[in-house]
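Here is a friendly walk through one protein model and the molecule that it holds. Have a look at the sequence and the structure first, and then read on.

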Amino acid sequence: MRRTQLFTKTRKEAPADEVSKNAQLLIRAGYIHKEMAGVYAYLPLGLKVIENIKQIVREEMSRVDGQELIMTNLQPREKWETTGRWDDKVVDIWFKTKLKDDSEIGLAWSHEEPIVDMLKQHINSYKDFPVSVYQFQTKLRNELRAKSGIMRGREFVMKDMYSISVDSKQHDKYYNSVIEAYKKVYDRLGIGKDTYVTFASGGAFTQFSHEFQTVCEAGEDKIHLHQGKNIAINEEVLSDANLEKLGMNRSDLRQVSSSEVGNIFNFGTDKSERMGFDFTDEQGQKQFAYLGSYGIGITRLMGVIAEKFADERGLMWPESIAPFKVYLVRLGEDKAVVDVADKLYSEFEAAGVSVLYDDRATAAGEKFADADLLGIPNRIVISDRTLKEGKLEFKKRQAKDAELITKEELFKRLAQGGF
Ligand code: ATP
Ligand code: MG
């Protein structure tokens with residue numbers, strides 16, 4: 001894409017009322033637009049990042065046989081009454097509204113009940129199991145606080161997956177395979193080393209749920225890392241009794257701030273019993289289905305990654321989710337420079353390398369500042385000076401210095417798997 005075609009502009013200052021670092025940077029770089037507190041639109045650059053994150057998640061969910069679908073945002077009250085979760089005292093973040101005939105409906109804050117109810121209509125024999133379905137859906141939550149930018153939205157994108165199994169054995173096997181799939185997702189997103197499987201509260205059936213917590217100063221959670229075991233315990237369940245259950249010593253723990261980028265729950269048969277989700281087993285007996293639920297905060301991940309990898313000059317996307325692979329800067333309007341830069345741009349396009357081509361007639365300083373702010377992982381500069389040497393300037397976003405290399409060298413690196 002040419003920069004002259006991209007409608008979004010960068011800005012030096014974030015809106016005065018924006019307190020979170022991720023939103024400040026993302027607004028300044030033109031990735032998101034603030035509609036109101038906790039409500040953000042995703043502009044072309046931001047949408048590319050979101051789609052790249054989703055694609056990684058999609059690939060890993062389909063590897064564990066997840067089938068993608070999309071549930072609805074409007075939900076009838078009755079579906080939530082069966083489990084008692086229509087009540088605002090039980091779920092305090094509901095947005096609710098009414099149809100013209102006065103019947104009440106809710107705006108999706110979760111899809112657990114509707115999805116179980118939908119599955120119920122398709123699954124009735126042990127032969128239909130196991131099943132796992134997932135979606136990328138916008139959740140609407142009337143969150144009390146929305147000061148963490150896109151890390152806590154009132155409207156945000158979640159990947160939610162649900163599994164049903166015939167018994168606890170089948171369930172446990174699947175649940176553990178999702179833990180491994182999640183680890184792959186966070187690895188591919190570049191935050192694997194800083195993301196910990198964390199014991200937390202919840203899960204109607206089991207003692208603990210598993211959260212995936214990424215170490216991040218702006219995170220709203222406190223976790224205690226176990227040095228050596230590579231796992232953590234959420235402060236909300238930190239007690240001597242729980243530490244003993246998990247075989248951890250207090251002295252081995254270190255407290256850090258973190259953000260919950262995913263979580264998984266084992267509901268056992270609790271929810272299916274409440275919702276009457278049964279099936280016939282091999283002996284012809286009625287049984288209740290085992291249910292698991294698995295969330296990943298897609299937009300929160302984008303915020304966490306924006307925060308974690310930024311420096312004083314701007315964003316710094318991992319290659320796997322960057323909106324473009326290359327930021328191509330053309331300095332000056334000399335015909336020779338324009339020709340070489342145009343040619344390189346089309347060669348990249350032909351090779352399937354995504355490029356944002358800064359073809360604007362603006363000052364060099366502005367172009368470099370934008371390249372840093374936008375955080376695209378590879379910067380290439382073509383100018384009179386580089387042409388004289390018969391080379392081009394190449395720099396990784398996180399590197400201090402640029403290097404002069406030939407175009408052949410550049411494409412050789414590309415062919416070998418990356419720059
Ligand atoms: P939190 O404790 O942060 O409020 P939660 O327990 O409400 O999270 P779930 O309802 O299980 O979270 O949602 C699954 C995932 O969706 C979370 O692990 C998180 O990554 C993400 N998420 C939850 N609430 C928000 C929000 N308001 N904005 C952005 N992402 C969110
Ligand atoms: Mg919440």
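## Around the ligand

Strand β13 gives the most to the shell around ligand 1, with 4 residues. In this predicted model, local features need pLDDT of at least 70 and side-chain atom pairs pLDDT 80 or more, while totals for chains, interfaces and linings use all residues; side-chain values use heavy atoms, with hydrogens and water left out. Residues are numbered from 1 along each chain as its sequence is written, and chains are lettered from A and ligands numbered from 1 in the order in which they are written.

Both β8 (155-165) and β13 (253-268) supply at least two residues each to this shell. Strands here are DSSP runs of E with at least two residues, and helices are runs of H or I with at least four, numbered from the N terminus.

Which residues come nearest to ligand 1? Of the 13 around it, they are Arg141, Glu143, Gly153, Glu260 and Asn263; a residue counts as near if one of its heavy atoms lies within 4 Å. By type, the shell divides into 4 nonpolar, 4 polar and 5 charged residues, with Gly counted as polar and Asp, Glu, Lys and Arg as charged.

| Residue | Part of residue | Ligand 1 atom | Distance |
|---|---|---|---|
| Glu143 | side chain | nitrogen | 2.8 Å |
| Gly153 | backbone | nitrogen | 2.8 Å |
| Glu260 | side chain | oxygen | 2.6 Å |

The protein covers 82% of the 580 Å² of accessible area that ligand 1 has on its own, computed by the Shrake-Rupley method with a 1.4 Å probe.

## Strands β17 and β18

Now to another part of the chain. Strands β17 (residues 326-330) and β18 run parallel and are joined by 4 bridges; DSSP must find at least two for strands to pair. Val326 stands opposite Val355 in β18. From β17 the chain crosses through helix α9 (residues 335-350) to β18, in a right-handed β-α-β crossover, clockwise from the first strand over the helix to the second with the strands pointing away from the viewer.

Is β18 (residues 355-358) covered on one face or both? Both are covered: Val355 and Tyr357 on one side, and Leu356 and Asp358 on the other, are all buried, meaning under 20% relative accessible area, with over 50% exposed and partly exposed in between (1.4 Å probe, protein chains only).

Thr362 sits in the loop between β18 and α10 (364-374), and counts as partly exposed because its relative accessibility is 30%.

## The whole protein

The protein has 12 helices and 21 strands, and buried residues make up 53% of its 419 residues.

Methods:
A polar contact is a pair of N or O atoms within 3.5 Å; within protein, one must be able to donate a hydrogen and the other to accept it, and residues adjacent in sequence count only if both atoms are side-chain atoms.
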